[in-house]
Amino acid sequence: MRESKETLEKAFGRFIDIKSQETDSNDSVKIASGVADAIEKEKKSGNKIVVNISGGERPQALGTLFGAYSKHQFVDRIVYVDNSTKEVMDLPILKYGISSTKKEILKCLINGSNSVKELSDKIEISRGMTYNHIRELRDMGLIDKEILEITTAGRLAII
């Protein structure tokens with residue numbers, strides 16, 4: 001992680017201030033949430049956001065990447081530093097691409113809703129539309145294929 005920071009400071013240090021935020025968690029969802037909060041804070045301060053996913057173990061890198069995706073509209077760049085070549089590689093800035101209704105369904109599932117009827121009542125859409133949204137969320141991997149339960153990917157998508 002220290003090598004990645006040094007490489008970025010050499011490449012960009014003349015142009016931007018580089019801040020780091022370390023985490024000791026291996027929970028990718030928790031890390032993603034923390035990264036999303038940090039991005040919002042930095043954006044409110046008027047700063048450009050360049051997210052480096054090279055440091056730490058895989059859960060930290062993935063959580064950082066997913067946190068950047070959740071706040072894609074504020075992120076200027078996502079980079080990865082190859083430790084062997086010291087090359088800085090730009091990664092695409094992606095977004096989850098789910099509607100507000102689908103997000104509401106996921107939030108209801110987290111909060112304990114466990115039936116299509118209950119979901120449709122809370123969100124105020126027909127059961128048929130609720131079934132359609134659930135099918136699409138399952139196809140996206142955000143709801144479990146077998147039971148009406150949000151997956152880790154679903155938890156990441158609503159950060």
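Reply: From the N terminus on, the elements run α-α-β-α-β-β-α-α-α-α, that is, seven helices and three strands. This is a predicted model, in which local features need pLDDT of at least 70, side-chain atom pairs count only at pLDDT 80 or more, and totals for chains, interfaces and linings use all residues. Residues are numbered from 1 along each chain as its sequence is written, and side-chain values use heavy atoms, with hydrogens and water left out.

Me: What makes a stretch a helix or a strand here?

Reply: Both are DSSP runs, numbered from the N terminus: helices are H or I with at least four residues, strands are E with at least two.

Me: Why is serine 120 called buried?

Reply: Buried means under 20% relative accessible area, exposed over 50%, and partly exposed in between (1.4 Å probe, protein chains only). Serine 120 has 4%, so it counts as buried. Its place is in helix H5. Leaving aside neighbours within four places in sequence, serine 120 is in contact (heavy atoms within 4.5 Å) with Ile125, Ser126, Arg127 and Thr130. Of the 159 residues in the chain, 34% are buried.

Me: What is said about the phi of glutamate 124, and is this residue buried or exposed?

Reply: Glutamate 124 has a positive phi of about 65 degrees although it is not a glycine. Most residues other than glycine have a negative phi. Glutamate 124 sits in the loop between helix H5 (116-123) and helix H6 (127-139). Its relative accessibility is 70%, so glutamate 124 counts as exposed.

Me: Which value makes lysine 86 partly exposed?

Reply: Lysine 86 has a relative accessible area of 38%, and is therefore partly exposed. This residue lies in the loop between strand E2 (77-81) and strand E3 (88-91). Lysine 86 also has a positive phi, of about 60 degrees, although it is not a glycine.

Me: Why is the pair of phenylalanine 66 and tyrosine 69 called edge-to-face?

Reply: The structure holds one aromatic pair. In that pair, phenylalanine 66 and tyrosine 69 are 6.3 Å apart centre to centre, with 65 degrees between the planes. Rings of Phe, Tyr and Trp (its six-membered ring) pair if their centres lie within 6.5 Å; planes under 30 degrees apart count as stacked, over 60 as edge-to-face and the rest as tilted, so the pair is edge-to-face. The two residues are three apart in helix H3 (residues 58-70), so about one helical turn separates phenylalanine 66 from tyrosine 69. Phenylalanine 66 is partly exposed at 23%, whereas tyrosine 69 is buried at 11%.

Me: What share of the contacts with a separation of 6 or more joins residues 24 or more positions apart?

Reply: Such residues account for 58% of those contacts in the chain.
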